[in-house]
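Colleague: I am new to this structure and would like to learn how to read a few of its features. Could we go through them one at a time?

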Amino acid sequence: MGMRTLATAAVSLSALVAASGAQAQSAVSTSSFTVVGSAPKVCTISEPTLSSVNEVNIDSLDGSTLKISQLTSTTTLSTLPASARVSFNAVCTFAHTVTIQSQNNGLWRDGSSQPMQNGFADAVPWTGRIQWANIDRTFVAGAQNRQIVNFPFPIATPNAGQLLFDISIQAGSTNSVANGPLLAGSYQDTIYITLEPQ
Amino acid sequence: MTLNRFLIIACTTAALASGAGATSAAAASATAGPASVPVTGTVVTFCTTGTLTNDTTVFDLGVLTDPNTGLLKNNIAPVSKILNGATCNTVSTITVAASPMTAQDFTTVPPAGFARAIDYTATASGWTTTPAVYVTSQSSNSAANQARNTPFSGQITLTLSSFTTTGGSNLLLVSDPVYSGAITVTLAAGN
């Protein structure tokens, strides 16, 4: 009888523990959820705006074409100084590279592709400066050869704001001798500013 | 089951006692009234938030930003989740809690003009007259707990709304493949 009583007690105790455990588990109930989404990589850059800062010998910014008022001196036929600042509203939501690409590596006369050997020049180098995010860098499109040149600048963080691009042409600079005369013609370069993933 | 087994053992004990001294047992039964056996039981408090039917626990918002601006979209409105069979057999409290959606890869402080978190409002309705509401941008959420003074069984609808960029709507969101936040809905007995 003693063993039976003990067994009974044990069973009863187990039942109480089970009941107690069940009560603790069921008195509170929680459902968990997650909310997810993504923010894709976005880079934008606006049309250029001509700033009055550093503006020398500039006629206009027509759309995306920057026109120099007078490229050569009427007396020396060599290069006159010119400079301009062009700004862009830009955004990149991730680490990126901003690349300045010159299609001609300087202002080249239409139809020319190699430096002249007769004392005349047919290309004009320019110096560029970019200010964007945490960089302030200067570079030169030297006009030694007519070719595409790239000036890439990695940016380690997202950035938003104004991208400033300064372009300047030094007095008397040519792809021939300094202060040499320029051949008559139309001189141009096309510059691309690109924001892209690294 | 437990109660039945106890009664059987009690009878066996009485039979054994009878076998050990039948005379005294017979005398006792002549003077005592009918024995009373108290029968008691307990119904434990019970709450369940129920289950989702043909649904997952993930609110997938897809692309969060305007591809032209990098700003948070202003029309994010995910479909609500419905918990069916939510039940409490006593008075109860419903609690909703949530954390902002944060960029999972971009974990450093974002540069000026950017944010890496999104606030929103989580609302659990259907259980109480006044829904339980949690706004992740607020440090205090007194409306997140709501009491119900009667047992109840029914649906709880969880809705997410009012998504805003943490720090201001003019901030851009840093690019990240996963922004994630967590929400919990809790039913607890008592209030």
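Colleague: Leaving aside residues up to four places away in sequence, which residues does Leu50(A) touch?

Modeller: Please keep in mind that this is a predicted model. With those sequence neighbours set aside, Leu50(A) touches Leu61(A), Ala84(A) and Val86(A), and Leu50(A) itself lies in strand β3 of chain A, residues 49-56.

Colleague: How far apart are Leu50(A) and Gln131(A) in sequence and in space?

Modeller: Separation along the chain and separation in space are read as two values: Leu50(A) and Gln131(A) are 81 residues apart in sequence, while their C-alpha atoms are 15 Å apart.

Colleague: How many residues of chain A are in contact with chain B, and which elements do they come from?

Modeller: The size of an interface is often given as the accessible area lost when the parts come together. Here we can count residues instead: 35 of chain A are in contact with 52 of chain B. On the chain A side, α1 (2-26), β1 (28-39) and β13 (159-169) each give two or more residues, and β1(A) gives the most, with twelve. That side divides into 17 nonpolar, 16 polar and two charged residues.

Colleague: In which sense does β1(A) pair with β13 of chain B?

Modeller: The pairing of β1(A) with β13(B), residues 176-189, is antiparallel and runs over eleven bridges.

Notes:
Residues numbered from 1 in each chain as written. Chains lettered and ligands numbered in written order. Predicted model: local features only at pLDDT ≥ 70, side-chain atom pairs only at ≥ 80, totals over all residues. Contact = placed C-beta atoms within 7 Å. Helix = DSSP H or I, 4+ residues; strand = E, 2+ residues; numbered from the N terminus. Nonpolar A, V, L, I, M, F, W, Y, C, P; charged D, E, K, R; others polar. Pairing = 2+ DSSP bridges.
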